[in-house]
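Thank you all for making time for this.

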Amino acid sequence: MKIARSSASRRRGFAAMASTIAVASLAIAAAQQAPARPADAPGQKPAAPAAPATPAAPAVPTLPPPSRAIVPVAASSVAAKPDQWVGEYVAMTGIVEASVGKMAFTVDQDKTKAAPEVLVLAGRMSDPVTPNTYVTVIGLLMKYDPADVAAKSKAHAQDLGADAAKYKGKPVVLATSIVNDKMLDLARFIPPPMTPEEEGLQKAMRGVPAASGELRKGADSSNVELATKNVAALAAAFAETEAFMKKRGKLDAVKWAADARANVLAVEKAAKSGTWDAAKTAAAAVGSACATCHTPYRERLEDGSFRFKAGS
Ligand code: HEC
């Protein structure tokens with residue numbers, strides 16, 4: 001491996017790597033905290049999450065979050081004495097040696113080809129690694145065995161072909177982050193692009209929680225101004241939702257959206273005529289429409305963002 005640098009620039013390189021570890025550790029810590037979920041319907045009690053008596057084993061094996069602090073290590077130390085970190089999450093710094101598969105590469109520390117290397121398997125990769133560049137890999141350290149990898153994480157299991165035998169029993173990191181020399185995490189989740197209709201639906205939905213919360217509050221407190229101020233915006237949002245669902249052929253959701261819109265207009269009518277019981281009933285119906293539609297047709301992606309789900 002050839003990285004010709006003056007010792008000063010080497011020092012800068014290592015300083016940069018050290019800060020990469022710190023930042024990468026922060027990044028993984030942040031990634032593991034579920035992002036704040038937008039409150040769906042203010043003023044409504046959140047539905048109690050269904051808690052199974054015994055947590056079922058995941059159907060598809062996926063890496064659990066680390067139970068302890070992530071240990072910073074150098075690739076050379078891992079290559080030389082992996083045993084002390086096997087089973088732990090490490091933040092391993094080194095230099096990319098070579099790609100050995102679409103989502104597999106090796107990392108070492110030394111400029112000589114003879115230096116032992118550490119295998120890295122990624123669960124996903126947005127871009128390939130560049131040989132001879134610095135990298136910080138965060139992930140679970142194991143001794144390589146294809147069956148053990150598959151049992152730990154389906155995403156990380158991959159066929160290394162003829163190379164598999166060479167790495168058997170050698171250290172491997174099942175990577176959850178691969179931070180390159182440009183500070184880019186090559187293993188990060190990138191949500192698939194949205195269609196213009198999906199963008200329109202998302203924009204409409206983002207305004208619904210606050211507006212429907214006020215509608216509800218207005219109805220509950222017999223406040224005409226509050227009960228009616230968001231009627232136009234809510235009616236438009238549900239009209240947009242209805243059109244979206246029609247395009248996707250989701251006829252039950254078309255009806256839920258149309259009913260929600262009708263109930264919004266019913267709140268307005270009742271509020272203006274002072275029939276507050278009717279206003280409250282209609283506002284409550286708007287509030288319960290959210291979960292009715294979200295359960296089958298909304299999904300939460302890995303990064304916490306929401307999308308339309310085609311459902312069943
Ligand atoms: C007829 C279906 C339907 C109804 C009714 C509905 N929603 Fe949605 N909502 C969706 C779908 C589909 C998504 C996922 C699309 C997205 O988020 O881009 C969504 C997403 C959302 C989001 C996330 C927006 C984001 O940031 O991506 C919020 C917040 C939301 N809805 C609030 C509400 C509230 C509050 C109500 C009830 C007052 C409601 N919705 C009623 C279909 C519906």
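Predicted model: local features only at pLDDT ≥ 70, side-chain atom pairs only at ≥ 80, totals over all residues.

**Loops, helix pairs and a ligand shell**

Ser222 sits in the loop between helix 5 and helix 6, the latter covering residues 224-228, and its phi is near 50°, which is a positive value in a residue other than glycine.

Asn132 is found in the loop that runs between strand 4 (118-122) and strand 5 (134-143), and, because 13 C-beta neighbours lie inside 10 Å, Asn132 counts as partly exposed.

Stepping back to the whole chain, the secondary structure comes to nine helices and eight strands, and buried residues make up 32% of the 312 residues. If we take the contacts between residues at least 6 apart in sequence, 66% of them join residues at least 24 apart.

Now to the helices, and to helix 9 in particular. How do the axes of helix 8 and helix 9 cross? Helix 8 spans residues 251-273 and helix 9 spans residues 276-297, and their axes come within 8 Å and cross at roughly 160°, which means that helix 8 is roughly antiparallel to helix 9. The crossing of helix 8 with helix 9 is left-handed. On the helix 8 side the residues that meet helix 9 include Trp256, Asp259, Asn263 and Val267, while those on the helix 9 side include Ala282, Val286, Thr292, Cys293 and Tyr297. The residues of this contact divide into 17 nonpolar, two polar and one charged.

Helix 9 also has helix 5 (196-220) as a partner, and here the axes come within 8 Å and cross at roughly 155°, so helix 5 and helix 9 are roughly antiparallel to each other. That crossing, too, is left-handed. Ser212, Leu215, Arg216, Ala219 and Asp220 in helix 5 meet a set of residues in helix 9, among them Trp276, Lys280 and Gly287. Sorted by type, the residues of the contact between helix 5 and helix 9 are six nonpolar, two polar and three charged.

Let me turn to the ligand. Which residues are the closest among those that surround the ligand? There are 28 residues around the ligand, and the closest are Gln202, Met205, Cys290, Cys293 and Phe306. The elements that give two or more residues to this shell are helix 5, helix 7 (231-247), helix 8, helix 9 and strand 8 (306-308), and the largest share, eight residues, comes from helix 5. By type, the shell around the ligand divides into 18 nonpolar, five polar and five charged residues.

I will finish with Ser305, which is found in the loop between strand 7 (298-300) and strand 8. Is Ser305 buried or partly exposed? Ser305 has 13 other C-beta atoms within 10 Å, and it is therefore partly exposed. Although Ser305 and Pro191 are 114 residues apart in sequence, their C-alpha atoms are 8.4 Å apart in space.

Terms used: Residues numbered from 1 in each chain as written. Axes fitted to C-alpha atoms, helices over the stretch in contact; angles between N-to-C directions. Helix = DSSP H or I, 4+ residues; strand = E, 2+ residues; numbered from the N terminus. Parallel < 35°, antiparallel > 145°, perpendicular 65-115°, else oblique. Left-handed = near helix turned anticlockwise from the far one by under 90°. Contact = placed C-beta atoms within 7 Å. Nonpolar A, V, L, I, M, F, W, Y, C, P; charged D, E, K, R; others polar. Near = placed C-beta within 6 Å. Buried ≥ 20, exposed ≤ 12 C-beta atoms within 10 Å, placed from the backbone.
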